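Me: I would like to go through this structure by question and answer, with the cut-off behind each term spelled out as we go.

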Amino acid sequence: MARPSSGLAAVLVIDDLSLGPAAGGVRTRAYPDAAAMIAEAAALARAMTRKCALAGLDAGGAKAVVLDHPGLDRPAAFRALGRFIAELGGVFRTAGDLGTTTADLAAMAESCPYVHTDDHGLAEAVARGVVACVRACARARGRGLGGLRVAVQGCGAIGSAVARALAAEGAFLRVADVDPRRTHDVAEATGSHVHDPKDILFAPVDVLAPCAVGGVVTAEVAAQAPAWALCGAANNLLAEPAVAEALRARGILHVPDVVASAGAVIEGIGRSVMHLADREPLIAALGTTAGELLAESAATGRTTEDLAARRAVARIAAVRR
Ligand SMILES: NC(=O)c1ccc[n+]([C@@H]2O[C@H](COP(=O)([O-])OP(=O)(O)OC[C@H]3O[C@@H](n4cnc5c(N)ncnc54)[C@H](O)[C@@H]3O)[C@@H](O)[C@H]2O)c1
């Protein structure tokens with residue numbers, strides 16, 4: 001959609017509605033062209049479909065992306081986007097994502113009841129899910145979280161919550177952000193070691209927890225990272241599908257991000273659509289799902305990414321019958 005007067009140029013992809021209304025955040029970025037916007041929205045919407053299906057939510061997947069550019073009149077643009085989403089009548093339930101501010105969400109919510117503006121507790125919900133999944137990796141190696149060495153990439157909303165939650169469980173952390181102030185604040189709050197953001201994924205740790213941007217786990221990371229587990233909250237972590245097999249072949253335990261990062265959507269959809277008084281059982285179940293995927297991968301030789309996708313497709317197919 002485009003609203004030239006406000007500078008709004010946005011793409012909304014609704015991937016699947018079989019399980020319920022489609023959930024997905026609004027991402028705001030300086031995309032190079034329309035094709036890049038469509039490609040990212042489609043990939044993230046598909047990931048949301050799988051994330052909701054695997055988390056046991058009555059929701060499908062979607063994603064909106066907004067072009068960040070010098071001519072963007074943010075209040076007017078996000079108000080227009082809110083009106084557009086309101087016209088859809090509730091098939092798209094949204095919240096924040098990278099680059100979208102609290103003020104942007106508030107502007108959308110002026111005329112749209114389907115915007116989750118209260119981000120209180122969402123990052124902590126993601127962090128509890130990540131901790132449950134890191135615990136599943138540690139268990140697979142006969143370990144606990146105490147003394148586990150974890151590298152956390154990104155010290156934003158999610159990375160800082162993940163670092164706090166893992167430190168509280170006794171893990172030893174290395175943290176890195178391209179913003180040194182954020183790194184410093186998180187390191188100080190959690191007693192963590194500050195690591196160079198350029199090579200945090202090659203740090204000498206047990207577990208990598210990328211919580212910044214997607215696409216960071218490249219073939220080179222899969223081939224050379226010293227870590228034996230990968231479990232982060234950034235969406236669409238793998239740079240390309242083939243990386244999943246490279247990780248498996250090296251024996252790196254990989255919890256797909258559609259499982260590890262589901263805490264926020266469980267909190268949001270669990271509350272607003274499913275009216276669950278207590279969302280914790282679904283968040284705790286992420287760790288169970290992670291453990292099952294790791295065990296099934298070890299038994300079958302399939303990647304956890306492939307097994308997770310199959311599980312999601314099977315749940316959706318069952319309701320379509
Ligand atoms: N916010 C949510 O509810 C939610 C839920 C699930 C998943 N996620 C995903 O988690 C990730 C982080 O989201 P957030 O809300 O914390 O965003 P954020 O903008 O608060 O934080 C992202 C941080 O990553 C840093 N960063 C960017 N590139 C980096 C790099 N190469 N190395 C190190 N640091 C880098 C940024 O400086 C920033 O501090 C995103 O991929 C997002 O899609 C977010």
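Me: Which element gives the most to the shell around the ligand?
Reply: This is a predicted model, in which local features need pLDDT of at least 70 and side-chain atom pairs count only at pLDDT 80 or more, while totals for chains, interfaces and linings use all residues. Residues are numbered from 1 along each chain as its sequence is written. Of the 26 residues around the ligand, those that come nearest are G154, G156, I158, A212 and A264, where a residue is near a molecule if its C-beta atom, placed from the backbone, lies within 6 Å of it. The elements that give two or more residues to this shell are α4 (122-140) and α5 (157-168), helices being DSSP runs of H or I with at least four residues and strands runs of E with at least two, numbered from the N terminus, and the most, three residues, comes from α5.

Me: How many residues of the shell around the ligand are nonpolar?
Reply: The classes count Ala, Val, Leu, Ile, Met, Phe, Trp, Tyr, Cys and Pro as nonpolar, Asp, Glu, Lys and Arg as charged, and the others, Gly among them, as polar. By that division the shell has four charged residues and seven polar ones, and its nonpolar residues number 15.

Me: How are helices α1 and α12 oriented to each other?
Reply: The axes of α1 (residues 34-54) and α12 (residues 304-320) come within 9 Å and cross at roughly 75°, the axes being lines fitted to C-alpha atoms over the stretch in contact, with angles from 0 to 180 degrees between N-to-C directions. Angles under 35 degrees count as roughly parallel, over 145 as roughly antiparallel, 65 to 115 as roughly perpendicular and the rest as oblique. The two helices, α1 and α12, are therefore roughly perpendicular.

Me: What is the order of the strands in the open sheet of six?
Reply: Two strands pair if DSSP finds at least two bridges between them, and β7 (residues 149-153) is joined to β8 (residues 172-176) by five bridges, the two running parallel. The edge strands, each pairing on one side only, are β9 (193-194) and β12 (253-254). The pairing in the sheet is parallel, and the order is β9-β8-β7-β10-β11-β12.

Me: Which residue in β8 does V152 stand opposite?
Reply: Strand β7 covers residues 149-153 and runs parallel to β8, which covers residues 172-176. Within β8, the residue that stands opposite V152 is V175.
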